[in-house]
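Here's a quick tour of some charged pairs for anyone new to this structure. Have a look at the model first, then read on.

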Amino acid sequence: MGLLKKSEKAKPLKSHGGGAPGVSAQRPQQAQKPAPCLVGCPAGNDVRGWLNLISQRTRTGTSLEAALDAAFATLAATNPIPAVLGRVCPHPCEDGCNRKDKDGAVAINSVERFLGDWALERKLPLPAMREERKEKIAVVGAGPAGLSCAYQLARRGYAVTIFESLPEPGGMLRYGIPDYRLPRGVLAAEIARIAALGVEIRCGVKVGADVPFEQIEREHDAVFVAIGAHRGKRIGIEGEDGPGVCTGTAFLRQVAMGTPPPVGKRVAVIGGGDTAVDAARVSRRLSVDAAGAASKLGADVTLFYRRTLAEMPAIEEEVSAAMEEQVAIAFLAAPSRIVRDETGKLVKLVVERMKLGEPDASGRRSPVPTGELIDYECDTVITAVSQEPDADALGGPLSTVRWFEADKWGHTSLHKVWTGGDDTGLALATTAVGQGRVAAESIHAALRGEQPKEIEKAAPITAARLRLDVPEAKERARRGHLDPFARLDSPHAEIDLGITREQALEESARCLSCGNCSGCERCWMFCTPSCFTKISPPAPGHYYKIKLDTCDGCGKCAAECPCGFLEMV
């Protein structure tokens, strides 16, 4: 909590150097406050902490390499896959960044990716506690939630085995996100680092078929279920059953497994989420010409979404990238039926024009049918409207529910079973990582006969408490990208090129250190009675101690503090 001190009893006001007497009985207090980036991160990353390790390295006398290594260790304590999330997370942490009120939010996600890649290049291990415990933990599912939970338990010394039904670990990270967004080598390297802690990953093992769930539960001291939501939902229209129609999740999985279905020259994708956008962009890379040879021109793809761009839930950058790749998007269009010829071959998709009505439970305006129908000739229809867990395949007591329910610690109604990730509700990969960590902390506490530690959730410090006029204006770092033509010429090449080391250092320096001391020295410089004494050796957030017996309560230090760290009490 930084240099948080109890308020001392005010001393008698004194005159210093013949000047005027003090004007207040209040005294400065160092009070660390939550930063909005931390509050906004579903994984619970100490964003301010690892940014400040980099940006304040000169003040603390730390070398660049040591600072970057320490920043990675801080980040990896809550997120074992930063190179992955640095590529796929839509960075909700940046939404509340106070820097946006000055010159744009800090590019937190870009620095996260840089640190993840830095650690892979240097082969840095994940931080572990070097303990050894006798209890055995089973994790069902090797997606982001399962990997996170396994990591947190393994680093505490538990023997962890992951059971994964698919051929390789990663869950939707591997089988739901295209390789041009998330290179398979990056994902494999970060998973290997988790396995290096002693985690056994058993792929191709279907719990419920190859091994009963009851056996898993019986042979382990705790079980974390993280099967995700891999089953695509049907849309329930005429003609949906038959060749040429598949769900977005099934389509992306086939592509990831190296067995992409033939999509033909014209593809219709239904939906407005990330899966729909990914399916549309992948389809642009899978077209074949009339002779059956691969075509660099890509399929003619149209994505149909029943609302407008403003309501579209997909990541904004991915939607823009799809448009750059000439994916057409038909807004206010909902599927009506699929038409087939006498042989059963798909001929066209019929869509109905919609208009927006009043907001529904999601807060978005509801699509209202207009009765106007439009034909779209196509060879393939990919439905990507939603997905759900394949719980019935799991067997055991959890197979009877559609979505899993748990308390805030991920503990289910079953004594030894916890859960997290998309099987509790569709969310972000970073949310799954956070849920896996929280469940691991709960499992650890339960096995030790303790209660999990409650985390105090105070309101984050706002821009109104900062001195935004103090830091120099600096433009936010921009990532490099392949141009649209190069993307289709090299369909497996990574599109987002990230930021350079120099950009990462400059971006870290843009952090305002909201609610914590940045070591700027303004309190020390403006204090006439010399109340502030430098701490040796310093550390981020720990630069000064206050001598209250010499303070006259003028309040200059608090007024000049750009971080909102000092309070007059």
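Let's start with arginine 281 and glutamate 325, whose side chains meet in a salt bridge, 2.8 Å from N to O. Arginine 281 sits in helix α12 (residues 274-283), while glutamate 325 is in the loop between α13 (316-324) and β10 (328-331), so this pair ties together parts that are 44 residues apart in sequence. Keep in mind that the model is predicted.

Are these two partners buried or exposed? Buried means under 20% relative accessible area, so arginine 281, at 1% relative accessibility, counts as buried. Glutamate 325 also has 1% relative accessibility and counts as buried.

Now for another pair, arginine 87 and aspartate 117, which form a salt bridge at 3.0 Å, N to O. This one links distant parts of the chain, with arginine 87 in helix α5 (residues 82-88) and aspartate 117 in helix α6 (residues 108-122), 30 residues apart. Both of these residues are buried.

Over at glutamate 475 and arginine 478, the side chains meet in a salt bridge too, at 3.2 Å from N to O. Here glutamate 475 is exposed, and arginine 478 is exposed as well.

| Salt bridge | N to O distance |
|---|---|
| Arginine 281 and glutamate 325 | 2.8 Å |
| Arginine 87 and aspartate 117 | 3.0 Å |
| Glutamate 475 and arginine 478 | 3.2 Å |

And how many salt bridges does a search of the whole structure find? It turns up 42.

Notes: Residues numbered from 1 in each chain as written. Predicted model: local features only at pLDDT ≥ 70, side-chain atom pairs only at ≥ 80, totals over all residues. Heavy atoms only, no water. Salt bridge = Lys/Arg side-chain N within 4 Å of Asp/Glu carboxyl O. Helix = DSSP H or I, 4+ residues; strand = E, 2+ residues; numbered from the N terminus. Buried < 20%, exposed > 50% of the residue type's maximum accessible area, 1.4 Å probe, protein only.
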